Structure formats: C-alpha cells, structure tokens
Amino acid sequence: MAKYAHPEVLVSTDWVDQHKQDSSVRIVESDEDLLLYQQGHVPGAVKIDWQNDLQDQLVRDYIDKDRFAELCASKGISNDTTVVFYGDKNNWWATYALWVFKLYGHEKCLIMNGGRKRWELDGRAWDRGAEPQYPRANYVAKEPDLSIRAFRDEVFKHQKQGKPLVDVRSPGEYTGELLHMPDYPQEGALRGGHIPGAANVPWSRAVNDDGTFKSAKELEALYVKDCGLSRRTPVVAYCRIGERSSHTWFVLKYLLGFPKVKNYDGSWTEWGNLVGMPIAKGVDPRPAGQGTSKSTDQAKTAADSTSAANAS
Amino acid sequence: MTNSVAERLEQVSAEFAECEPRERLELLLEYAENLPPLPPEYQAERDAGLNRVHECQTPVFLWVDLVGDRVRIVADVAPEAPTVKGFVGVLVETFNGAPAEEVLGVEPNLVQKFGLLEALGMMRLRGLSAIASVIRRRVQKAVAGNSN
C-alpha cells in the first residue's frame, strides 16, 4: 500500500497553523500530562481531558451521550465543526479523544500529524494564556456507535473463535512480567499476561521519532506482513485501559483501511481481573489472524494459574 | 528552613487547598519550573540510564542519599511531563535537608493532601504516589546503609 487508506484524516502542523482562526475548525488538545496545556498550547486550542472530561467519574465508562453533547456545546463545537485533535506522547490521547468523538458519531475528526512534538520541532509558537472561550454551540450527539467499541463478552467470543487480537502494550506487560511496585498495586490486574492468541505490537511502533505516523508501506509491513492481520477479519485492539489501543485502532481503521476494528476499552484491567478468563503468558508464537484457537504457549485459565502478580 | 517536614507539608497543602482546581494546576506548574536543573556532575549517570525510576513511564531520575543525617534529593524529570516534575519539585523542596526520620515519618498517601485528585484525576495520582514511595524506600535504604 503506497498511500494511507484515508489520508484526509491527517493534517499537518502547517495546516493547523493556517486554520487557527477558522470558525469551522476547533483545535482540541488532549494530553496525558494535564499541565502541558497550561505550559503552552496551540493558539486557539481548547483542552479536553480524557479523565476529567471524557470519563464518567463514578462508573467505569465514558460520559453518556447527553454529557458528551454538553461538553461539545461548551467548547463551541457543533455537529458540523471540524475537530482537530493533537497532544503529547505521539498523539496517544488525541486518538483516544477522537475515538470517543467517533463513538458519539462526530463526523469531521482529524489528527494533527506529529502532535505536540512536531509543533515544538517546527519551532511554532505556544500560547500560555487561559483556555479560550468560544460561543456556546448547539450539539446533538448520536447513540454510541458500538461498531468501534468491544465489550468483554464479545471479546471472549472473538478469542474463542481464534479471531485476531492485537495487544498493544509493552512486551513486558504482554508476557506477564509485571511492572508492579512493592507497596503499590499499579493500575493493575491480579493476573499478568495476555489474551491467548493476541499478537503483541506495541502501539508506539506505528510512529516516527518526530511523532508523525509511519508511512503506509511501513505500517502495512508491521501489521499485515509481520503480524498477519487481514482486512477480511474483524480485529480487536486492547491495552491496559483502552487508551494506547485507541491509537492502534486509529492506525488500522484510517491509515490502513481495516473495515472492522474495535477498541476493547475494558482491556487488561478488566480481562486480567475477571475470574476464570483464559490467559497466556510468555511469547505467543502464533501470529494473529491464523484462524485457529489452539495455542501453543502456556495458556491457562486464571483460576489455575500461579500468582503472577507477586512476581516483583 | 527550620520548619519540620510535617510543617512544610502542611504549608504546601494549605497553599494548594486555598486554590481553585485550575489554579492548583498553575501552582503545580510553578513547582515544575522551580525544580533546579540537574547539576552537570549527575548528567553522565542520567544519560547512562542510572537512577531512573522504572515505575514511571515518564523519564524520572532520582538520586537520594544522606549528608550526615540529612536527606539530599537530586532529581531530573523530562520537560514534557510537567505534572510529574511539579510533584517532584514539591517533594524536593519539602524533603531536601530534612532529617531522614522526618521524611520517613510522612504519611505514605501524602499525594491526597494536596487536593490534586479533582484537578488531576485518580489515574494520574497513582503515578505520583509511586514517586513518593520510591523516595521513601531510597531514604530507608540510605539509612540502613549508614547504620551498617
């Protein structure tokens, strides 16, 4: 594949610089580090935080449709606004925010290729001022589009059928050597490892050093040739809480043009805590998408596995 | 700096408590900006990856030792992680030069004292608690090393 399947979803820092004042465009910064926006943001950008704005503060879920509509209205985003997301960590959180916007059916969602890193490398100006207030907009959110969100029961079924899964966490998290602290149970799970049959492609392999996405050819090699994923089979991506996997979801869906990709936002913090779920440890030799559920690695059910969580 | 660690922590948490959540972020950013740059004699170790806090995804480097019975903390945090940097700034300002026993006497969940939960969210607070635990463990280790 010589070109991205949907190149129109990416815009350059230059494009964003030229559309800072465009009233049909709203630039949204979404970061892991909440202070970065204060430290300096793209002039005219508003801030949307994945934890404080997009997640429900009580139930483990996203905000509902009405609150999503209220959030958009308050940021001056209407249904036909073109929303351009960017952020830190190679646009990790930008793609997460984009995924939530897609969940509620927002049509025009773009990513500023390279995110904060590229803007900084370009030497473009940062604004240290307060978040701009735009006139309130009208917004009507759609019902959630569940074609991009996977829940645990369907992931379980998907796994039992031997369909492809991509675990986008670091190799250490995937094999089950826990990155777990002595006095401190991280955002953790009681068991370490991965969903049997999942291929491990750490999300950050999809980006270049300057934060931009790798070329279509490189991504095709990574996900299709090396990892064995196919556009003919539905794919589920997961990580620890569904954030890093939204980045891979974006790559597969928009850059490589996979028609059916879901993000499993429950991810390892759900799967690795559920009683009786099958878990594999170590390196899984079977590439994803081969259509067999027979796993040659040390797959065990959670109920009889040894306590991996005490490894450190 | 005659105040005890407990008193200094009270002062810092009062400073945070008096702020609106948004201002708390500004205050934290000030602490980030006030964290002294890493002295040149530590840079080679950092560049070699030594003293990195592996529990943090963000590159955080901490050198914790004792000068007499006083704690000395030298820290380096990547500029792209100002939240972590700000919190480390608070800890360095509060703990540096204090007697080890006072640092070890601090309640482990001190992150909650600063009222950062609503400003930062639960997930981010966990990472910060991790840093406080690492400092605590390294002070313990330094104390144990001294008494051998």
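1. Buried means under 20% relative accessible area, exposed means over 50%, and partly exposed lies in between (1.4 Å probe, protein chains only). By that rule, both Tyr264(A) and Trp271(A) are buried.

2. Some ground rules. This is a predicted model, where local features need pLDDT of at least 70, side-chain atom pairs count only at pLDDT 80 or more, and totals for chains, interfaces and linings use all residues. Residues are numbered from 1 along each chain as its sequence is written, chains are lettered from A and ligands numbered from 1 in the order in which they are written, and side-chain values use heavy atoms, with hydrogens and water left out.

3. Next, the domains. Across the boundary, 21 residues of domain 1 of chain A are in contact with 23 residues of domain 2 of chain A (contact: heavy atoms within 4.5 Å). The two domains of chain A bury about 1,900 Å² between them, 65% of it on carbon and sulfur atoms. Buried area is the accessible area (1.4 Å probe) that two parts lose on being put together, summed over both. Which three residues supply more than any other three of the area that domain 1 of chain A buries against domain 2 of chain A? They are Arg60(A), Trp92(A) and Trp99(A), with 31%.

4. Now the rings. The whole structure holds 20 aromatic pairs over all chains. Rings of Phe, Tyr and Trp (its six-membered ring) pair if their centres lie within 6.5 Å; planes under 30 degrees apart count as stacked, over 60 as edge-to-face and the rest as tilted. Tyr62(A) and Trp99(A) make an edge-to-face pair, 5.3 Å centre to centre with 65 degrees between the planes. Tyr62(A) counts as buried because its relative accessibility is 7%. Trp99(A) is buried too, at 0%. Ring pairs also link a cluster: Trp50(A), Tyr62(A), Trp92(A), Trp93(A), Tyr96(A), Trp99(A) and Trp203(A).

5. Two arginines lie over ring faces. Arg26(A) lies over Tyr134(A), at 3.6 Å from the ring centre. Arg124(A) lies over Trp119(A), at 5.6 Å from the ring centre. The test asks for NZ of Lys or CZ of Arg within 6 Å of the ring centre and within 35 degrees of the ring normal.

6. Last, the sheet. Chain A has an open sheet of 5 strands in the order 1-5-4-2-3, with parallel pairing. Strands (E, at least two residues) are DSSP runs, numbered from the N terminus, and two of them pair if DSSP finds at least two bridges between them. Strand 1 (10-11) and strand 3 of chain A are the edges, each pairing on one side only.

Notes. Helices (H or I, at least four residues) and strands (E, at least two) are DSSP runs, numbered from the N terminus.
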